[in-house]
Amino acid sequence: MTGFRTIIPMEAFDGGLNNKYEPIIIADNESQSCANVVFDDLGGVQTRQGYTLLNTQAVNSNACDGLYTTRWNNGNESMIAFFGTDMFVLSGTTFQTVPSAQGNYTTGTHKNGAMYQNLFFIGDGNDPAYKYDEGVYTRHGIETPSLVADGSTRGAGGNLAGDYHYKVAYVNTQAVVGDISTGSVTLTASGAGESVLVTGIAVPDQSFGVDNKYLYRTIAGSGISADAYYFVTTLAVSATTYTDNIAEASLGSAAVTTYGKPPAYEYVIHHQERLFVNDSQNPQYLWYSDLGDPFTFQATNFIKIADGDGEKITGLSVQGNSLVVFKEASVWLIYMPDTTASNWIRIKSDAKYGGASHRSIIPYNRQLMYLGQHGFKVSGFYAFVGDTTEPDATSLRVTQMFGDAKSDRIEPDVFLFQDSYKQNCAAIAFDNKLWFAVTYGASNTTNNRVYHFDYVRRGASRKIGSWVPFTGIGANQFTVYNSSLWFGSSAADGYVYQLQDGTYTDNGSAIDSFYETKEFDGGSPWRHYEKDFRQANFTVETLGAWDMRISYKIDSDKGAGLSQDYNLSPNGSLWNTMVWGIDTWGGGQTRKDVEVDLVGVGKRVAFKFSNKNTAGSGFKVVRGNIYYNRRGLR
């Protein structure tokens with residue numbers, strides 16, 4: 001059984017990291033250890049691209065607490081960033097403070113947002129919440145004015161006679177009316193008929209976002225506790241007085257008394273022409289706005305998500321026609337067959353893990369990936385899977401929707417995610433990949449690593465998706481702006497960076513890029529035969545005038561192994577430019593084969609590809625073969 005040459009093919013390297021299982025038994029295309037690499041559609045592995053600083057002048061000395069792209073109806077985009085106590089908007093490469101948004105926030109709290117009706121709504125758990133309208137920053141809800149104070153001045157010959165009470169309501173820039181004030185003191189007109197000068201009408205703060213005010217009045221003699229106050233007139237924002245001479249027959253409609261405003265919320269999402277928010281003070285309550293009106297949250301517009309179970313709401317998302325509510329130990333759906341709230345059904349899903357971070361929830365391929373937790377400890381990444389179908393009328397369950405574990409192959413890494421900072425996990429989908437920023441490793445307190453999930457890869461086991469850790473990236477939140485990917489820094493430095501910038505440096509620093517293959521042993525039945533390893537050949541991309549390193553280790557050698565460096569320059573001259581006898585043939589070639597001379601006898605061999613942790617250098621390996629002479633069974 002000895003004396004002839006055998007080939008072990010290495011046809012793809014796109015299975016991603018699998019450090020849960022022994023390097024001998026993982027799939028042929030998986031890696032026992034890798035970092036800062038990506039995969040192509042042919043199975044090749046290469047160094048990831050780096051990132052570049054956006055704002056050359058730091059915003060301030062704080063981490064980025066929120067980063068969003070708002071897309072307006074006029075086609076414009078704005079990059080919105082939160083640093084420290086302020087909100088900023090990008091202008092060129094500089095972040096400008098948004099007027100009226102200075103000092104409104106707490107440093108270190110997440111700022112979460114959602115677009116609806118060409119407005120950007122922002123919550124951070126504090127009251128009030130705010131909205132942004134491409135340059136105008138005002139409160140989300142419509143505030144209730146103070147009462148009307150006085151009406152001692154009267155004019156003779158008017159239409160009023162008797163005792164009256166007045167109330168005022170603010171109207172925002174979208175022509176939505178808020179709750180009316182408490183009633184005024186009694187204002188009396190003589191029986192002969194008079195007009196009444198109403199004074200002390202409140203003037204709102206600019207941050208309230210008021211466009212005008214409505215004045216209301218009782219029917220004469222009905223008292224301050226009257227069931228109805230009727231519309232008198234529209235007032236300018238700055239108006240503090242009004243002479244009322246409106247006859248009762250000319251009064252308008254009665255004021256609505258239950259408009260309400262949103263609670264203090266951390267999470268906000270738009271679905272079925274409503275806004276849905278959590279309640280920072282009542283952590284198991286889900287509130288929703290009136291249909292088509294994101295400002296009005298009536299007193300009855302809430303759903304208790306298993307009130308009293310001890311679990312807080314930790315995130316919101318949408319799957320099909322259901323609102324998905326993540327809690328600390330469970331996942332719930334609000335099934336919505338239509339926009340009528342009385343037809344909605346609250347359902348507990350079959351997902352076995354709760355949500356650890358609102359920002360980690362990201363939709364892809366009709367699924368929701370999220371960072372899950374069990375017993376309040378991070379347990380891995382899960383995909384909330386299934387189509388929203390009408391629940392069974394008897395059981396009111398959706399058995400087709402459940403949490404599918406997606407990170408079992410990187411479980412050793414998951415156990416090093418820091419539970420104290422799990423809520424900081426942030427995610428985004430970009431270029432058919434998912435990006436998850438996490439706090440990794442003991443003693444770390446900020447996001448310092450990204451886990452990159454390439455969900456279009458499929459290994460020999462048919463397991464979908466490849467995981468790779470990206471080191472050197474401290475991201476608090478991602479956004480896609482002008483079709484490029486960006487992140488706000490988790491370090492207290494006031495910066496935003498562009499990812500995928502086409503370079504092999506992280507803002508000038510080296511990217512430590514490497515990929516270790518599985519341990520190849522020839523498979524059954526030759527797994528336990530000794531082999532005289534002779535050579536390996538790899539097809540590599542000629543990326544530039546620098547070296548890459550290929551190392552190999554035999555039989556689980558714990559050392560660094562033996563290494564050889566290979567220049568990735570395309571070599572020589574381009575076609576039709578070569579000078580015979582002077583130039584070297586082969587210039588401009590995009591690929592070449594390199595040989596690795598193997599020295600040693602053993603049962604298995606593994607390879608490591610590296611950019612030597614050198615700034616401006618990368619590698620790409622497409623495929624390979626291992627050649628050996630088979631010896632006897634040992």
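**Notes on a predicted model**

1. In this predicted model, a hairpin of 6 residues connects strand S23 to strand S24. S23 covers residues 274-278 and S24 covers residues 285-288. The two strands pair in the antiparallel sense over 3 bridges. Within that pairing, phenylalanine 276 faces tyrosine 288 of S24.

2. Strands of a sheet pair through backbone hydrogen bonds, in a parallel or an antiparallel arrangement.

3. The other pairings in this sheet can be followed on the structure. S22 and S23 are antiparallel, with 4 bridges, and histidine 270 is placed opposite leucine 275 in S23. S24 and S25 are also antiparallel, joined by 3 bridges. There, tryptophan 287 has phenylalanine 302 in S25 as its bridge partner.

4. Which side chains cover the faces of S24? Tyr285 and Trp287 lie on one side, Leu286 and Tyr288 on the other, and all are buried. In a regular strand, side chains alternate between the two faces of the sheet.

5. Strand S51 (residues 620-633) pairs with strand S1 (residues 5-10) in the antiparallel sense over 6 bridges; methionine 10 has glycine 624 of S51 as its bridge partner. S51 also runs antiparallel to strand S5 (residues 45-47), with 2 bridges between them, and glutamine 46 stands opposite lysine 620. A further 10 bridges join S51 to S45, again antiparallel. In that pairing valine 540 is opposite valine 621.

6. The largest nonpolar core has 71 residues, and those with the most contacts inside it are Met369, Phe478, Phe538, Phe607 and Phe609. Strand S36 (residues 433-438) gives the largest share of this core, 5 residues. Another core, of 19 residues, lies apart from it and includes Ala114, Leu119, Ile142 and Val210. In soluble globular proteins, nonpolar side chains tend to be buried together.

7. Leaving aside residues up to four places away in sequence, phenylalanine 538 has contacts that include Met10, Phe13, Ile550, Phe607 and Phe609. Val621, Arg623 and Gly624 are also among the residues that phenylalanine 538 touches.

8. Is threonine 542 buried or exposed? Its relative accessible area is 12%, so threonine 542 counts as buried, the cut-off being under 20%. Threonine 542 lies in the loop between strand S45 (529-541) and strand S46 (547-554). Beyond residues up to four places away in sequence, threonine 542 touches Leu568, Ser569, Pro570, Gln589, Thr590, Arg591 and Lys592. Isoleucine 80 is 462 residues from threonine 542 in sequence and 40 Å from it in space, C-alpha to C-alpha.

9. Asparagine 476 is in strand S39 (residues 475-481). Asparagine 476 is buried, at a relative accessible area of 13%. Not counting residues up to four places away in sequence, its contacts include Ala63, Cys64, Asp65, Arg359 and Asn424.

10. The model has 23 salt bridges. One of them joins the side chains of lysine 518 and aspartate 28 at 3.3 Å, N to O. This pair links distant parts of the chain, 490 residues apart: lysine 518 is in the loop between strand S44 (514-517) and S45, and aspartate 28 is in the loop between strand S2 (16-17) and strand S3 (30-35). Lysine 518 is buried at 7% relative accessibility, whereas aspartate 28 is partly exposed at 46%.

11. Another salt bridge joins arginine 139 to glutamate 143 at 3.2 Å, N to O, and both residues are buried. Arginine 527 and aspartate 521 form one at 2.8 Å, N to O. Arginine 527 is partly exposed at 35% relative accessibility, while aspartate 521 is buried at 5%. Salt bridges that share partners also join Asp40, Glu541, Arg591 and Lys620 into one network.

12. On confidence, the chain averages a pLDDT of 91, and 93% of the residues score at least 70. Residues 388-399 have a pLDDT below 50; this stretch has 23 contacts in the model beyond near neighbours in sequence. Where pLDDT is low, the predicted coordinates should not be read in detail.

Technical notes:
Residues are numbered from 1 along each chain as its sequence is written. This is a predicted model: local features need pLDDT of at least 70, side-chain atom pairs count only at pLDDT 80 or more; totals for chains, interfaces and linings use all residues. Side-chain values use heavy atoms; hydrogens and water are left out. Two strands pair if DSSP finds at least two bridges between them. Buried means under 20% relative accessible area, exposed over 50%, partly exposed in between (1.4 Å probe, protein chains only). Contact means heavy atoms within 4.5 Å. pLDDT is the predictor's confidence in each residue, from 0 to 100. A nonpolar core is a set of buried Ala, Val, Leu, Ile, Met, Phe, Trp, Tyr and Cys residues joined through side-chain atoms within 4.5 Å. A salt bridge is a side-chain nitrogen of Lys or Arg within 4 Å of a carboxyl oxygen of Asp or Glu.
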